[in-house]
Amino acid sequence: MRGLGLKLALLRIAMMLCVCKATSSLHPLILVPGSGGNQLEARLTTGYKPSGLFCGRFYPIFKDKEGWFRLWFDPSVLLAPFTKCFNQRMMLYYDPDLDDYRNAPGVETRVPEFGSTNSLLYLNPNLKRLTAYMAPLVKFLEEIGYVSGETMFGAPYDFRYGLAAEGHPSHVGSKFLQDLKDLIEKASASNGGKPVILLSHSLGGLYVLQLLNRNPPSWRRRFIKHFIALSAPWGGTVQEMLTFASGSSFGVPLVDPLLVRGEQRSSVSNLWLMPSPKLFGSGKALVITPNKAYSAHDIPEFLNDIGYPEGVIPYISRILPMTESLAAPNVGLTCIFGTGVKTPETLLYAKAGFDKQPEAVYGDGDGTVNLESLSALESLWAFEKNQSLKVIRLSGISHNSILEISAALDAIIAEISSINSKAQAEVSFE
């Protein structure tokens with residue numbers, strides 16, 4: 001690992017020295033964040049009914065002149081009375097008549113600064129040290145010549161929502177895909193018609209793959225140079241079953257997982273991240289209780305048994321068909337992910353039930369996503385002759401530290417530079 005780190009560091013220095021020469025050859029780059037990886041704003045209308053004394057329309061005190069305030073990330077979520085407010089305002093509701101999801105009554109939401117990297121840098125710009133997300137990555141990209149708003153763009157989205165299988169509406173998720181498609185075309189047009197490099201993290205990779213497969217090959221050939229997926233959970237994660245069963249504070253102190261469990265269950269994207277039956281199979285128990293064991297094939301039964309029966313129909317009809325089909329987009333793809341970090345692969349519940357956090361049996365992965373999911377495309381696309389797939393494993397790098405640790409960032413930058421260099425060589429040869 002030391003030798004690799006030294007080589008990557010030297011390569012980075014070399015790339016920095018020739019920034020001026022290379023800038024004109026850069027393909028435009030679009031960053032697509034993971035779940036929780038960008039800011040969200042909300043506004044309360046007269047239809048809002050507070051769940052408690054602290055959750056009235058007066059909270060939070062600081063809003064803009066039109067009533068908008070930061071919903072994610074707001075540090076007050078760490079305090080129990082306001083955690084309940086956050087839970088209520090982040091909730092989604094499935095409407096069976098519309099076969100789609102909507103916000104809680106009286107809550108409007110929006111994603112600030114689509115097209116810009118600003119809302120991806122920090123989840124809260126007032127708490128930069130605590131909420132940095134893509135800021136280190138963007139800094140490294142700037143060092144090799146990328147400029148925000150010119151050659152580098154951001155595609156934030158409402159990460160609570162997801163997509164749905166063919167034949168089912170998904171108004172918010174589908175609008176994001178259209179916005180992303182428009183951004184790709186504009187980025188290409190403003191850079192001399194050069195095709196775009198898409199760089200995603202986590203859940204963002206699933207969105208990008210859906211975008212590619214929902215557009216014709218001619219569009220992909222014209223507008224997409226390469227797709228780089230960081231820490232992509234292609235087949236979901238066992239961790240998500242814990243989130244649905246018991247809630248998850250994701251290591252944040254003071255937050256009671258049960259206070260945010262309702263909101264986490266209502267998130268369509270979380271349902272999308274359930275372990276895929278196709279990848280995890282039926283023979284491996286992922287959740288074990290004193291009375292029953294659940295594999296990836298038992299998720300409908302699992303949702304019912306944990307007290308979330310309203311999730312069963314959307315999962316079966318909207319989510320499952322998407323997870324069963326991970327078609328190759330025939331676009332150059334590089335998967336970069338961490339390994340060697342202990343990752344929950346089986347959850348053990350005692351008699352106390354799902355309201356208590358389980359014990360975990362750990363396996364390989366990046367601490368959040370299991371290795372079976374991270375590396376899934378290697379086996380699924382093994383015989384796809386028209387699909388170029390490169391896999392880069394980074395030992396000891398966790399799901400989010402891939403955006404922070406210099407060795408990981410150097411590997412990402414090296415791959416982007418290699419793609420740009422090859423493109424420049426092709427142009428020169430022609």
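**A chat about the disulfide, the rings and one threonine**

Visitor: Hi! How many disulfides does a search of the whole structure find?

Guide: Hello! Searching the whole structure turns up one disulfide. Keep in mind that this is a predicted model.

Visitor: Which cysteines form the disulfide?

Guide: Cysteine 55 and cysteine 85 form it, with their sulfur atoms 2.0 Å apart. The angle about the S-S bond is -85°, and the link is left-handed.

Visitor: And which parts does the pair tie together?

Guide: Cysteine 55 sits in the loop between β2 (40–44) and β3 (69–72), while cysteine 85 belongs to helix α3 (residues 80–90), so the pair joins parts that are 30 residues apart in sequence.

Visitor: Are cysteine 55 and cysteine 85 buried or exposed?

Guide: Both cysteine 55 and cysteine 85 are buried.

Visitor: What about cysteine 335, buried or exposed?

Guide: Cysteine 335 counts as buried, because its relative accessibility is 2% and the cut-off for buried is under 20%.

Visitor: Let's switch to rings. How many aromatic pairs does the structure hold?

Guide: There are 17 aromatic pairs in the structure. One of them is tyrosine 294 with phenylalanine 302, an edge-to-face pair at 5.4 Å centre to centre and 70° between the planes. Tyrosine 294 and phenylalanine 302 are both buried.

Visitor: Why is the pair of tyrosine 349 and phenylalanine 354 edge-to-face?

Guide: The planes of tyrosine 349 and phenylalanine 354 stand at 65°, with the ring centres 4.9 Å apart, so this pair is edge-to-face; the angle cut-off is over 60 degrees. Tyrosine 349 is buried, with a relative accessible area of 6%, and phenylalanine 354 is buried too, at 16%.

Visitor: Which residues do ring pairs link into a cluster?

Guide: That cluster is made of Phe114, Tyr157, Phe176, Tyr207 and Trp272.

Visitor: What lies over the face of tyrosine 362?

Guide: Lysine 342 does, at 4.7 Å from the ring centre.

Visitor: New topic! Where does threonine 237 lie?

Guide: Look at the loop between β9 (224–230) and α10 (239–246), and you will find threonine 237 there. Threonine 237 counts as buried, with 3% relative accessibility.

Visitor: What does the side chain of threonine 237 reach?

Guide: It reaches the backbone oxygen of threonine 368, at 2.6 Å.

Visitor: Leaving aside neighbours within four places in sequence, which residues is threonine 237 in contact with?

Guide: With those neighbours set aside, threonine 237 is in contact with Leu273, Met274 and Pro275, and also with Thr368, Val369 and Asn370.

Conventions:
Residues are numbered from 1 along each chain as its sequence is written. This is a predicted model: local features need pLDDT of at least 70, side-chain atom pairs count only at pLDDT 80 or more; totals for chains, interfaces and linings use all residues. Side-chain values use heavy atoms; hydrogens and water are left out. A disulfide is a pair of cysteine sulfur atoms within 2.5 Å. Helices (H or I, at least four residues) and strands (E, at least two) are DSSP runs, numbered from the N terminus. Buried means under 20% relative accessible area, exposed over 50%, partly exposed in between (1.4 Å probe, protein chains only). Rings of Phe, Tyr and Trp (its six-membered ring) pair if their centres lie within 6.5 Å; planes under 30 degrees apart count as stacked, over 60 as edge-to-face and the rest as tilted. A charge sits over a ring if NZ of Lys or CZ of Arg is within 6 Å of the ring centre and within 35 degrees of the ring normal. A polar contact is a pair of N or O atoms within 3.5 Å; within protein, one must be able to donate a hydrogen and the other to accept it, and residues adjacent in sequence count only if both atoms are side-chain atoms. Contact means heavy atoms within 4.5 Å.
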